[in-house]
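Q: Could you take a close look at one part of this model for me? I'd like to hear about the surroundings of the ligand.

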Amino acid sequence: MTYAPSERRLDRIAYRRRQAIRSVLLAALSTAAVGTLLTVAVTGAPGWERVKTSFFDFPTARKYLPQILDGLWLNLRLLVVCATLAMALGLLVAVLRTLRGPVAFPVRAIATGYTYSFRGLPLIIVIYLFAFGIPGLRLQGIPSVLVLGAAAIIITYGAYLAEVFRAGIESVHPSQIAAARSLGLGYRQTMRHVVLPQAVRRVAPPLLNDTVALQKDVGLISLAGPIDAIRAAQIGVAQDANFTPYVVAGVLFMLLALPLIAVTDWVTLRAARRQNAGS
Amino acid sequence: MVLSCKNVRKTFGEHVILDDLSLDVDEHEVVALIGASGSGKSTLLRCVNLLEQVDDGTIHLDGDEITDPRADPDRVRQKIGLVFQSYNLFPHMTVLDNITLAPVRVHKKSPAEAKAQAMQWLERVGLAAKAGAYPDRLSGGQQQRVAIVRALVNQPRLLLLDEVTSALDPELVGEVLTMIRDLKGDGTTMVLATHEMGFARQVADRVAFLDGGRVLEQGPPSQVLGDPVEARTRQFLARIIEAGRL
Ligand SMILES: Nc1ncnc2c1ncn2[C@@H]1O[C@H](COP(=O)(O)OP(=O)(O)O)[C@@H](O)[C@H]1O
Ligand SMILES: [Mg+2]
């Protein structure tokens with residue numbers, strides 16, 4: 001016998017379709033209403049004209065865009081270098097903290113002291129200490145302020161990332177380690193082939209989140225002098241007594257972050273789905 | 001003699017788990033460890049595999065003392081296979097990678113050789129089609145058979161099986177037991193902790209009953225399971241029969 005949908009079923013389908021159309025219309029309507037209200041509230045505010053000329057001035061934006069873009073290129077390179085090195089440092093410190101045995105005690109102590117102190121220190125202060133304190137020593141071969149500032153960022157973020165990695169390592173069930181050791185794998189091989197791959201997968205979402213935060217914080221290097229996007233904007237603001245360059249830099253930073261944020265959301269969603277699948 | 005445990009003692013804090021336990025296993029012999037839950041079967045197997053350290057007594061493997069603190073645990077474990085109740089496959093690796101990990105990384109075989117050998121085993125146990133699958137795509141019985149293969153490819157002198165069917169749905173127990181029966185046919189030396197008395201009767205050359213931290217009674221399955229000498233053994237078996245497991 002061939003299946004023919006019953007009256008009942010056709011009814012249900014038709015009803016659901018009507019409901020779906022209604023929801024779309026309602027959503028469009030309410031979005032339009034909220035948008036109109038916001039526009040009226042902002043543009044109707046008594047100070048709007050003044051804010052518009054000092055924050056959203058198109059000629060000023062166009063004038064400083066090239067310098068800010070130049071600066072942003074520095075931010076982007078800094079981000080790639082800092083993120084890579086901070087991850088490597090974090091992973092190394094997290095693994096060092098798992099070492100057992102008396103010989104490893106000093107290593108463990110240093111690693112623990114490092115994660116404790118640098119998670120508490122404000123990044124700005126670390127940058128100042130590195131960029132202005134270290135050159136003050138007047139030693140031979142001290143690198144440029146840019147390198148010192150980057151080192152400050154790497155060391156500070158390394159401490160956060162170390163904790164993320166450690167949480168991941170500890171989330172791997174001891175029975176996985178027992179299984180690896182029972183096969184004759186040594187401690188290092190167990191870490192490398194069994195524990196770390198699972199740990200990193202599990203903490204990928206928070207790791208990427210911290211990278212998004214890092215993306216913004218590399219801008220703090222401007223405090224030490226190098227001309228990044230924020231510093232370029234600052235120069236523009238000072239020259240023209242107009243805040244528009246800041247808005248331009250802000251928008252650019254946001255655009256730069258968008259792909260990373262999208263990837264983070266995607267990875268998080270995938271991780272959540274895998275959890276729900278009950279692997 | 002492949003394995004020889006002498007006067008082994010193991011405590012967890014105040015808790016004495018193994019107390020003056022002695023057990024010998026000959027080449028090609030299959031010994032079934034039975035005993036109440038918590039009687040120390042897993043602990044004994046973990047001590048033999050050096051996942052736990054004994055407090056006292058000695059364990060010899062092929063005549064070498066493995067409880068000597070100077071013995072390298074990794075070397076010892078390379079000669080002993082251990083299969084867990086909960087399979088413990090590595091979830092981030094395919095079936096094939098699970099199996100070839102130790103041959104490649106520990107026994108330094110070429111990946112091609114390790115793969116060929118793994119595929120031979122998978123074909124033998126009817127899982128060749130699953131070589132590229134991740135463990136979470138396999139049934140419990142399939143996962144456990146992969147775990148056994150993973151231990152076997154290293155050609156261990158001794159295979160330890162810790163209640164390998166306890167976590168399985170009843171209809172999946174058979175496929176794993178069939179595999180173990182085949183291994184006995186190959187002459188594999190095995191110690192298996194089990195709750196499956198019927199199976200112990202079929203495959204074991206000897207049954208050892210663990211009670212009070214020692215081997216209270218041991219002998220051929222027909223004797224220990226059919227006509228036990230010790231009252232404690234009779235009580236244990238009566239409880240098992242009551243639970244419908246014999
Ligand atoms: N790591 C441990 N720490 C403390 N107690 C343990 C540990 N492992 C096992 N035990 C205890 O040892 C006893 C024997 O456990 P086990 O060897 O697993 O018994 P069986 O496998 O025969 O059921 C149990 O009471 C258990 O709680
Ligand atoms: Mg047990």
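A: Here's a walk around the ligand site, starting with the ground rules. This is a predicted model, so to speak of local features we need pLDDT of at least 70, side-chain atom pairs count only at pLDDT 80 or more, and totals for chains, interfaces and linings use all residues. Residues are numbered from 1 along each chain as its sequence is written, chains are lettered from A and ligands numbered from 1 in the order in which they are written, and side-chain values use heavy atoms, with hydrogens and water left out.

Around ligand 1 you'll find B:Phe12 and B:Ile17, plus B:Ala36, B:Ser37, B:Gly38, B:Ser39, B:Gly40, B:Lys41, B:Ser42 and B:Thr43 (a residue is near if one of its heavy atoms lies within 4 Å). Sorted by kind, that shell has three nonpolar residues, six polar and one charged; here Ala, Val, Leu, Ile, Met, Phe, Trp, Tyr, Cys and Pro count as nonpolar, Asp, Glu, Lys and Arg as charged, and the others, Gly among them, as polar. Helix α1 of chain B, residues 41-48, gives the most to the shell, with three residues (helices are DSSP runs of H or I, at least four residues, numbered from the N terminus).

Now for the oxygens of ligand 1. A polar side-chain atom of B:Ser42 sits 2.7 Å from one ligand oxygen atom. With B:Lys41 it's a backbone N or O atom, 2.9 Å from an oxygen of the ligand, and with B:Ser39 a polar backbone atom at 3.3 Å from a ligand oxygen. As for cover, ligand 1 on its own has 560 Å² of accessible area, and the protein covers 59% of that (Shrake-Rupley method, 1.4 Å probe).

Definitions and conventions. Polar contact = N/O pair within 3.5 Å; in protein donor to acceptor, adjacent residues only side chain to side chain. Helix = DSSP H or I, 4+ residues; strand = E, 2+ residues; numbered from the N terminus.
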